[in-house]
Amino acid sequence: MLKIINISKYFDQVKAVNNVSINVENSSMIGIIGRSGAGKSTLLRTINRLTDATSGEILFQNQNILDFKKKDKLEWQKNCAMIFQQFNLVPRLDVLTNVMLGKLNEMSTVRASLKLFTSEERHAALNLLNKFGMMQTALQRAETLSGGQQQRVAICRAMMQDPKLILADEPIASLDPLNARLVMESLRKIHDEQNITVICNLHTLDTAKQYCDRIIGMQNGEIVFDDLPSKLTNQKAREIYGAEADEAFEGTMTSVSLESADFKKTA
Amino acid sequence: MYSDNILGFETIEKNLKAMAFKRLIYSFISILAILFLLSSGLTIAEENNAGSFQRGLSKFFDYPVDLFKEAFESGWRWYAYVFKYLPDLISTINMAFFSTLFGAIFALLLSLFASKNLIKNQYIVTLSRRTMDILRSFPELVIAMIFLYLMGKSELPAVIAIVIHTAGALGKLFSEAIENADNKPIEGLQSCGASWWQRVRFAVIPQVVPLFISYTLLRLEINVRASTILGFVGAGGIGEALSAVIQFRYGDEIIAIMFLLVITIISLDYFSRFLRGRLIGDNK
């Protein structure tokens, strides 16, 4: 279904992503782990075409999406929804409009400019908000919501796009444990119910192990691990995280497992 | 771990002191530079002054005192003058409204192409910026006088002049506001497959609209004054009336017009504050 072949992305001399290949045969929930600066975000941004890859191919249903231009590129982005660490909603617009913006790609310029959403679109957006427990905030401005709420609105916007693939770039890194769990459960639910492939950058190991069917470890822009979560040994994980291992293992700040949060003091 | 922190604090402290010292030096140099410019400017002014500065100073107050005396002596007639000049004032305000509106529209169009975060092509950005520079580099008075010469005495040359200047001046402020806008919503919409215009419409404009409104309202205030001044060179409105009564030294009428102008500016200020509060609604 999705085939990433030898993707590289260089920023001047820095190899952010170096010769990465990933093959996704069947719909699955994939977690990408690695320390900060390992190239996780850049990889997702290349898949969504927010950044252009330096070399390589990404095949989705046997089409190289890196060749897409203009309209095709926008349509690919519509099919490949993205969720961000900082939610990336429009703060001054209300929640309902924010969700409906997921439909922009299918709207004509005139209809979009005049904010003429159809009642079906409004219903669809409200249904999604209802599903993720955000219905009561529909008419509030996005900026008045908490981080966890904003992220759920962002998920609604992503679902509004009718995506074939969802990319989540550190979706829970700025959330408290409870909201982090809600967001991860939502993503898992989307995958389970609608069979959409979800690729999720995660900073903490236990989250990745708990929610993903497959874990990809990245280090210095390269893939160093790609297998089932159960195959990921502690030693391998320590190697992937390097100096950030303690943080990633404990995951006190961004972990989804409230009860297992174990505050070890390293004074 | 703990001792590391203390060392860190010491280094930061040292760097902070170095930074503070550098800032102190810079401030000192700037103050010296300003003092130098000020004193040299005053010297030049003194050298070029034909008469005595002090004699001029006493005359400086004679004129307004005379004006007020005349206005006071004219008694009730003064109020009639206020109404006499009201149509002229309305015509001036009309000029200002019209030219601010059109100036702002042109400014908006120019500013979109002058913002680096919206246009990746450096040449278009530079071209738009230089265009705005040129548009606002000529004072309204100069442009108006050229157009008055070409088109004859009417209000249109003044409007054209103000539109040109407003487009350049507002355009620069607009494009700065756009460049300071948060990139995250723009990227969010880009990842949904929204086109360039859709990103501008839904991610940029909602963010910058409060600033755009207050800049435009401020410009409206400036343009009321500008269109008054342009009246002096024959563009009609209250400026032309003012220029006439000043020439004939009708003190009471001058005061009446001045009164109208001050009231207009003050009410515009209140109006813009009200409008801004209403449209933005988050000045809590």
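Modeller: **A strand and its neighbours**

Strand β7 (residues 165-169) of chain A is largely enclosed by the rest of the structure, because five of its five residues are buried. Buried means that 20 or more other C-beta atoms, placed from the backbone, lie within 10 Å of a residue's own; exposed means 12 or fewer, and partly exposed is in between. Strands are DSSP runs of E with at least two residues, helices are runs of H or I with at least four, and both are numbered from the N terminus.

This is a predicted model, where local features need pLDDT of at least 70 and side-chain atom pairs count only at pLDDT 80 or more, while totals for chains, interfaces and linings use all residues. Residues are numbered from 1 along each chain as its sequence is written, and chains are lettered from A and ligands numbered from 1 in the order in which they are written.

Both faces of β7(A) are covered. On one side, A:Leu165, A:Leu167 and A:Asp169 are buried. On the other, A:Ile166 and A:Ala168 are buried too.

Now the pairing, which takes at least two DSSP bridges between two strands. Strand β6 (residues 80-83) of chain A runs parallel to β7(A), joined by four bridges. There, A:Cys80 has A:Leu165 as its bridge partner. β7(A) also pairs in the parallel sense with strand β8 (residues 197-201) of chain A, over five bridges. In β8(A), A:Ile199 is the bridge partner of A:Leu167.

β7(A), helix α7 (residues 177-194) of chain A and β8(A) make a right-handed β-α-β unit. Right-handed means that, with the strands pointing away from the viewer, the path from the first strand over the helix to the second runs clockwise.
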